[in-house]
Amino acid sequence: MLKKTRFIISLIGMMFILVGCVREPLSVSIINRGKSGAEHAVLINYSQEKLYKNKGVDLRLKSGTANVTFMVRKDLENFVSITLPEANEWHSLTTLLCNASEKPNTENFVKYDDAVNTTWLFKSEKDFCVQILCVAGDKFPNATKTGFLLTDTEPISKQFNLKYKK
């Protein structure tokens, strides 16, 4: 009887260990590429992951300070000035860029399958700190049918802290 009890307890313990090890993979790496002149580079590196195949992806930004303004650009595109209006709130980079280009409600989130490794460059006249997180979710048309919403998002990267020093 004692051997059966030990065996059952061991079996239950092994089950908890195996269940505890099953986690969804972090499919995106956010890598600090360093500073060159006034620009700070961050690489978004997507792995091949079938779990998020039909999901839309977006970068979310958050700062501990309200009204943080800085310039951002993707690869070789032009710099765009964006502002994080509220402190400690996640903001969609796609939405911020649409609003900055005076085209609100035109968000079109890239599908994970179509996402390519991207370098984002940040610069500012002032020091700032921003957290970056990549998320995946379901794409749905917005109310005006001019863009999309990303719903049921989940993180697919670790949170990255960018500390920009002038």
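**Notes on the model**

1. Lys139 lies over the face of Phe148, 4.6 Å from the ring centre. A second case of this kind is Lys123, which sits over the face of Phe79 at 4.4 Å from the ring centre. The criterion for a charge over a ring is NZ of Lys or CZ of Arg within 6 Å of the ring centre and within 35 degrees of the ring normal.

2. On the basis of these values: this is a predicted model, in which local features need pLDDT of at least 70 and side-chain atom pairs count only at pLDDT 80 or more, while totals for chains, interfaces and linings use all residues. Residues are numbered from 1 along each chain as its sequence is written, and side-chain values use heavy atoms, with hydrogens and water left out.

3. The structure holds five aromatic pairs. Rings of Phe, Tyr and Trp (its six-membered ring) pair if their centres lie within 6.5 Å; planes under 30 degrees apart count as stacked, over 60 as edge-to-face and the rest as tilted. One of the pairs is Tyr46 with Tyr112, an edge-to-face arrangement with 5.8 Å centre to centre and 80 degrees between the planes. This pair links distant parts of the chain, 66 residues apart: Tyr46 belongs to strand 2 (residues 39-46), and Tyr112 to the loop between strand 7 (110-111) and strand 8 (118-123). Helices (H or I, at least four residues) and strands (E, at least two) are DSSP runs, numbered from the N terminus. Both Tyr46 and Tyr112 are buried, that is, under 20% relative accessible area, where exposed is over 50% and partly exposed lies in between (1.4 Å probe, protein chains only).

4. Phe128 and Tyr164 are a stacked pair, because their ring centres are 5.1 Å apart and their planes are at 15 degrees. This pair also links distant parts of the chain, with Phe128 in strand 9 and Tyr164 in strand 11 (residues 160-164), 36 residues apart. Phe128 and Tyr164 are buried. Together with Phe70 and Phe122 they form one aromatic cluster.

5. Five strands form an open sheet with antiparallel pairing, in the order 1-2-8-4-5. Two strands pair if DSSP finds at least two bridges between them. Strand 1 (28-36) and strand 5 (80-84) are the edge strands, each pairing on one side only. Direction ignored, neighbouring strands of this sheet are turned by 30 degrees against each other on average. Axes here are lines fitted to C-alpha atoms, for helices over the stretch in contact, and angles run from 0 to 180 degrees between N-to-C directions. Strands 1 and 2 pair over eight bridges in the antiparallel sense, and Ser29 has Asn45 in strand 2 as its bridge partner. Helix 2 (residues 93-100) packs on the sheet and touches strand 4, strand 5 and strand 8, its direction making about 120 degrees with that of strand 5.

6. Strand 9 has several antiparallel partners. Seven bridges join strand 3 to strand 9, and the partner of Leu61 in strand 9 is Ile132. Strand 9 is joined to strand 11 by five bridges; there, Ile132 is bridged to Phe160. Six bridges join strand 9 to strand 10, with Pro155 in strand 10 as the bridge partner of Val135.

7. Which residues of the largest nonpolar core touch the most other members? Of its 29 residues, they are Leu61, Phe70, Phe122 and Ile132. A nonpolar core is a set of buried Ala, Val, Leu, Ile, Met, Phe, Trp, Tyr and Cys residues joined through side-chain atoms within 4.5 Å. Strand 9 supplies the largest share of this core, five residues. Leaving aside neighbours within four places in sequence, the contacts of Phe122 (heavy atoms within 4.5 Å) include Phe70, Val72, Phe128, Ile132, Leu162 and Tyr164.

8. Two loop residues deserve a look. Asn67 has a positive phi of about 60 degrees although it is not a glycine. Asn67 lies in the loop between strand 3 (56-62) and strand 4 (68-74) and is exposed, with a relative accessible area of 54%. Lys145, also not a glycine, has a positive phi of about 60 degrees. Lys145 is in the turn of the hairpin formed by strand 9 and strand 10, which have six residues between them. Lys145 is exposed, with a relative accessible area of 67%.
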